[in-house]
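Subject: Structure handover

Hello,

Could you read the notes with the model open beside them?

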Amino acid sequence: MSDATSVFAVVGSLRKGSFNKALLRAAIELAPDGMTVGTASIADIEPYNDDVRIAGFPPPVTALREAIARADGLLFVTPEYNYSVPGVLKNAIDWASRPPNQPFAGKPMGMMGASGAMGGTMRAQYHLRQVAVFLDAHPMNKPEVFVRNAATLFDEQGTLVDEATRKVVAQYMEAFGAWVRRMKAR
Ligand SMILES: Cc1cc2nc3c(=O)[nH]c(=O)nc-3n(C[C@H](O)[C@H](O)[C@H](O)COP(=O)(O)O)c2cc1C
């Protein structure tokens with residue numbers, strides 16, 4: 001079986017200096033051979049409105065749905081807001097999840113997150129796993145990546161410089177590649 005896997009990554013923070021954007025950059029850098037990781041911003045996705053949806057998906061939503069559908073695997077890299085998934089990310093998921101052909105069904109899914117605090121996005125990730133049940137996506141159970149005290153692990157350019165965290169992220173991406181291939185082979 002070929003090791004080639006395509007992953008589409010969605011970051012749950014919009015801010016320029018986001019630790020989660022920086023974490024995704026590290027994940028891309030540390031991804032195993034054969035894995036390509038693409039991403040797109042969710043900043044242009046408007047607040048969900050079912051009237052708009054019935055009239056037709058807005059172009060940024062269509063682009064998101066198509067990117068998810070095309071990818072072998074989906075990776076969320078997200079902060080935790082108030083012990084849960086940030087509203088902008090939940091909003092993007094809500095849009096992408098609407099019929100027809102909702103693109104999450106059967107999709108291998110990964111997640112990681114960086115937080116300024118001690119929890120390392122643990123609670124947000126468990127909420128995301130709950131959402132994945134309805135989406136019928138297949139989140140990888142283990143390993144998990146909870147990046148805590150993010151300000152101490154990245155330099156001023158947003159490079160992940162903490163060696164232990166780099167190792168954990170590299171191991172995660174390796175395992176995620178294997179998970180995606182395993183799900184594809186079913
Ligand atoms: C609205 C809001 C809620 C937050 N709630 C949490 C939280 O529940 N747990 C946590 O660890 N950090 C929380 N934080 C702090 C974030 O971890 C921190 O702002 C982090 O840097 C956000 O990720 P980013 O750098 O990718 O934007 C919150 C931040 C905001 C703006």
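Residues are numbered from 1 along each chain as its sequence is written, and side-chain values use heavy atoms, with hydrogens and water left out.

Confidence

The predictor's confidence in each residue is given as pLDDT, from 0 to 100. The chain has an average pLDDT of 97, and 99% of the residues reach at least 70. Strand 3 (residues 73–77) has the highest confidence, at 99, and helix 6 (residues 163–184) the lowest, at a mean of 97. Helices (H or I, at least four residues) and strands (E, at least two) are DSSP runs, numbered from the N terminus. Where pLDDT is low, the predicted coordinates should not be read in detail.

The ligand site

The ligand is surrounded by 13 residues, the closest being Ser13, Ser18, Asn20, Tyr83 and Ser115.

- Glu80: an N or O atom of the side chain is 2.8 Å from a nitrogen atom of the ligand.
- Asn82: a backbone N or O atom is 2.8 Å from a ligand nitrogen atom.
- Tyr83: a polar backbone atom is 2.7 Å from an oxygen atom of the ligand.

On its own the ligand has 620 Å² of accessible area, and the protein covers 72% of that. Areas come from the Shrake-Rupley method with a 1.4 Å probe.

Salt bridges

How many salt bridges does a search of the whole structure find? The search finds seven, a salt bridge being a side-chain nitrogen of Lys or Arg within 4 Å of a carboxyl oxygen of Asp or Glu.

One of them joins the side chains of Arg166 and Glu29, at 2.6 Å from N to O. This pair links distant parts of the chain, with Arg166 in helix 6 and Glu29 in helix 1 (residues 19–30), 137 residues apart. Arg166 is buried, at 14% relative accessibility, while Glu29 is exposed, at 52%. Buried means under 20% relative accessible area, exposed over 50%, and partly exposed in between.

Glu80 also forms a salt bridge with Arg123, where the closest N and O atoms are 3.2 Å apart. Arg123 sits in helix 5 (residues 122–135) and Glu80 in the loop between strand 3 and helix 4 (87–96), 43 residues away in the chain. Arg123 is partly exposed at 36%, and Glu80 is buried at 18%.

In a further salt bridge, the closest N and O atoms of Arg129 and Glu144 are 4.0 Å apart. Arg129 is in helix 5 and Glu144 in the loop between strand 5 (138–139) and strand 6 (146–147), so the pair ties together parts 15 residues apart in sequence. Arg129 is buried at 13%; Glu144 is partly exposed at 27%.

A helix residue

Ala67 belongs to helix 3 (residues 59–70) and is buried, at 10% relative accessibility.

Regards

Methods:
Predicted model: local features only at pLDDT ≥ 70, side-chain atom pairs only at ≥ 80, totals over all residues. Near = heavy atom within 4 Å. Polar contact = N/O pair within 3.5 Å; in protein donor to acceptor, adjacent residues only side chain to side chain. Buried < 20%, exposed > 50% of the residue type's maximum accessible area, 1.4 Å probe, protein only.
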